[in-house]
Amino acid sequence: MAFFDIFRKKKNETSVQVEQTEEETPQSPVGETSKSFFGKLKEGLSKTSDKFTGGLENIFLGRKTIDEDLLEELEELLITSDMGVQTSMKIIDSVRDEVSRKTLKDPAELKNSLKKKILEIINLDNTLNQVEEKPYMVIVVGVNGTGKTTSIAKLAKMFKDSGLKTVLAAGDTFRAAAVDQLAIWADRAGVPIIRQAEGSDPAAVIYDAVQSAKAKNFDVLIADTAGRLHNKFNLMKELEKIFRVIKKEMPAAPHEVLLVLDATSGQNALSQAKKFHEEVGITGIILTKLDGTAKGGAIIGIVDELKIPVKFIGFGEGMDDLRPFDAESFVEALFRTDINEADKG
Amino acid sequence: MFNTLNEKLTAVFKGMRKQIRISEENIQDALKQVRIALLEADVNFKVVKRFIENVREKALGEAVLKSLTPDQVFIKIVHDELVNVLGGDDPAAKINLNSKPPTIIMMAGLQGAGKTTTSGKLAKFFMKTGKSVLLVAADVYRPAAIDQLEVLGKQIKADVYTDRNTKDVVKIATDALAHAKKTAKDLMIIDTAGRLHIDETLMDELVRTKDAVNPDEILFVADAMTGQDAVTVAKTFNDKLDATGIILTKMDGDARGGAALSIKEVTGKPLKFIAIGEKLEDFEQFYPDRMASRILGMGDIVSLVERAQDAIDPDEADDLASKIQKKGLDFEDMLKQFKMIKRMGSLESIMRLIPGLSAAGPMNVDDKQLKRIEAIIQSMTPHERKNAKVLNSSRKKRIARGSGSSVNDINKLCTQLEQMNKMMKRMKKKLGSGKDLSKMNMKDIFKNM
């Protein structure tokens, strides 16, 4: 099923295969050379994987049996990917079980077993929710500096490229020049933006945007919100108010609540996800900054605990550096052993 | 989440109370718990390993002081070592002001770390001390970053140097320096674009900017929520730029901030400031001891223990405790306890140190209340203080008049005393009659409360 099949009735009209857009030559605003999606993802994750699999290979080197030392070293490796002590221990414990049940004997099989276990955790249905009403409303939330505004621009472009009439709402009225920042991105993506003065009530801005998007018959409305730390009571209440106000105009909206998480962050990401989920109900995660050397392993514990799928990943500053999350290639890239082989793909 | 390390360590050392030294055997599990706590706080894996080794060396053979339990001694060793690594009392954690102004400060870090906001905060920090500051908008990549700095400059009434006609950051920095000299600024703060440490072109741009204006301070700005990768990022930035200090942002979040330890460890550069809120004045100097407690997730039991050690004369406490145990608590004892507690500081400050309580929200303790109770007790005759039972209504009326309170207040106090005695009895039962209450430590008492 196409990823952007967001309207039940319009399935055949609007469906655009993600793979098709991959073959375009993406225009990057900062002028970097763009590659195919998987090439880029692998490249992004390769710095990750180099270390991860490099270590993995070293660990397996010359081992004939799976012993406690090997398992401990593996656990350490998982921890360095920000997977967290608990999740890492959980995964290693289940491997340990298999070893003691003798279903797993060969160290070489261990890698596949690990891969499978992580995949089992993160491989949730990550297609966008489908609705029958318009506009399809997406709201993007998260703590400060995770990349909400940039991700929104990229999302907008994806929707637009799928043939959907898209508009943005500048809901971050708090941070200095955040509205201007989104406006510049909107311009680059070629979509209109609904904005009000800095410092205005974000709930009012987004409410007006919903009304306006309805009146002007937009297919998709994506609302930005100010970055807020999840432990700030007042700011979380403000977010709740935004949701309340949206529901007045569209009871089933927002149709997607996307939480932006920074792949660089450690165990606090879980605390963020929990709190935002508790307050407003997250429907999906956007994992950003995978083009660095951070592994984003924290996501595994989050998905495991909250059962919220990762829907998109961000891996660069270019307009096309956001793609639907693909669990298999994520794990594949994470465990990839041969760098050259990946480059061919 | 709070206090977990304390609880785990207490459990580890349970049944070892009689051992007077920390030994190779009893330390294993304890170190394991510290390791987990540090990893959960996002301290880098390798940094944890080194740290644990140091703690092991320091802890082995450490004598357990009278009145302290091994877990308390151990946690103090861990805490002290952490403070030590985080900077101890290093006076270098200040901004080096150039004797020939302007002092040039360059900010650097990943995207979204908070450089622009922090530039504004840093400017405000100096302006409060009467310094004039020029903010320099050198982030030519992020959309509206220049606008953002201009808005911040307006908010704090600082001049902002911008040049929207060029993307040449080196030119912007050198022109800004000339401008700062011309306008006789004390400081100039260069806000640079966020960049990945592996982006060679952009890292090179920073190096060229550095070479062009020769900053007095290069501050690496890092998000307190950063995970294991903090070491790689910080090391690369420091290798390329030879940073002079570190600023940790988003410290008002609930991240334990283990990245602080990782970054300090791999760069060896001092942590100078922390950013702690949405407002521009939410910015303060870095304190290693507070950070250590935060990383360990332990409230500040260390300060509490230290304060108690300073304030309480152990012999006096022993006498009091054995007396209470034999005869029960009376008003005289209450007064004595209040005095000891008062020596430890305000009630609120004590409560804050108790792990778990600090997370429970704003404190609602009133030191005045203590004073009122003291006044009531002091209005009693010595006999009344020792025998609450004799307090009839005419005595109560007299005491109320004497202390400026109501009979109702005195009734309340009597009830409190009764409850405390009941609690004490329960505790005694729980611990077994053979145990001496005076040998109990603070933590056990809190636990039983």
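Guide: What follows starts at the interface and then moves to the chains and their salt bridges.

This is a predicted model, in which local features need pLDDT of at least 70 and side-chain atom pairs count only at pLDDT 80 or more, while totals for chains, interfaces and linings use all residues. Residues are numbered from 1 along each chain as its sequence is written, chains are lettered from A and ligands numbered from 1 in the order in which they are written, and side-chain values use heavy atoms, with hydrogens and water left out.

The interface comes first. With contact taken as heavy atoms within 4.5 Å, 34 residues of chain B are in contact with 41 residues of chain A. The size of an interface is often given as the accessible area lost when the parts come together. Here the buried area (the accessible area, with a 1.4 Å probe, that two parts lose on being put together, summed over both) is about 3,200 Å² for chain B and chain A, with 58% of it on carbon and sulfur atoms. On the chain B side, B:Pro143, B:Met225 and B:Glu278 supply 20% of the area that chain B buries against chain A, more than any other three residues.

Helices (H or I, at least four residues) and strands (E, at least two) are DSSP runs, numbered from the N terminus. In chain B, α2 (24–40), α3 (45–59) and α6 (145–156) each supply at least two residues of the side that touches chain A. By class, that side of chain B has twelve nonpolar, eleven polar and eleven charged residues; Ala, Val, Leu, Ile, Met, Phe, Trp, Tyr, Cys and Pro count as nonpolar, Asp, Glu, Lys and Arg as charged, and the others, Gly among them, as polar.

Side chains of opposite charge can pair when their charged atoms come close. A salt bridge is a side-chain nitrogen of Lys or Arg within 4 Å of a carboxyl oxygen of Asp or Glu. There are two salt bridges between chain B and chain A. A:Glu76 and B:Lys49 meet in a salt bridge through their side chains, at 3.6 Å from N to O.

Now the chains themselves. Chain B has 20 helices and eight strands, and chain A has 14 helices and eight strands. Buried means under 20% relative accessible area, exposed over 50% and partly exposed in between (1.4 Å probe, protein chains only). Buried residues make up 52% of the 449 residues in chain B and 61% of the 345 residues in chain A. Among contacts in chain A between residues at least 6 apart in sequence, 76% join residues at least 24 apart; in chain B, residues 24 or more positions apart account for 74% of the contacts with a separation of 6 or more.

Over all chains, the whole structure holds 40 salt bridges. In chain B, B:Asp147 and B:Arg164 form a salt bridge, with the closest N and O atoms 2.8 Å apart. This pair links distant parts of the chain, 17 residues apart: B:Asp147 is in helix α6, and B:Arg164 is in the loop between β3 (159–161) and α7 (169–182). B:Asp147 is buried at 19% relative accessibility, and B:Arg164 is partly exposed at 48%. Another salt bridge joins the side chains of B:Glu205 and B:Arg195 (2.9 Å, N to O). Ten residues separate B:Glu205, in helix α8 (residues 200–213) of chain B, from B:Arg195, in the loop between β4 (187–192) and α8. Both B:Glu205 and B:Arg195 are buried.

In chain A, A:Lys275 forms a salt bridge with A:Glu278, the closest N and O atoms being 3.6 Å apart. Both residues lie in helix α11 (residues 268–280) of chain A, three residues apart, about one turn of the helix. A:Lys275 is partly exposed at 29% relative accessible area, whereas A:Glu278 is exposed at 60%. A network of salt bridges links A:Glu68, A:Asp93 and A:Arg96.
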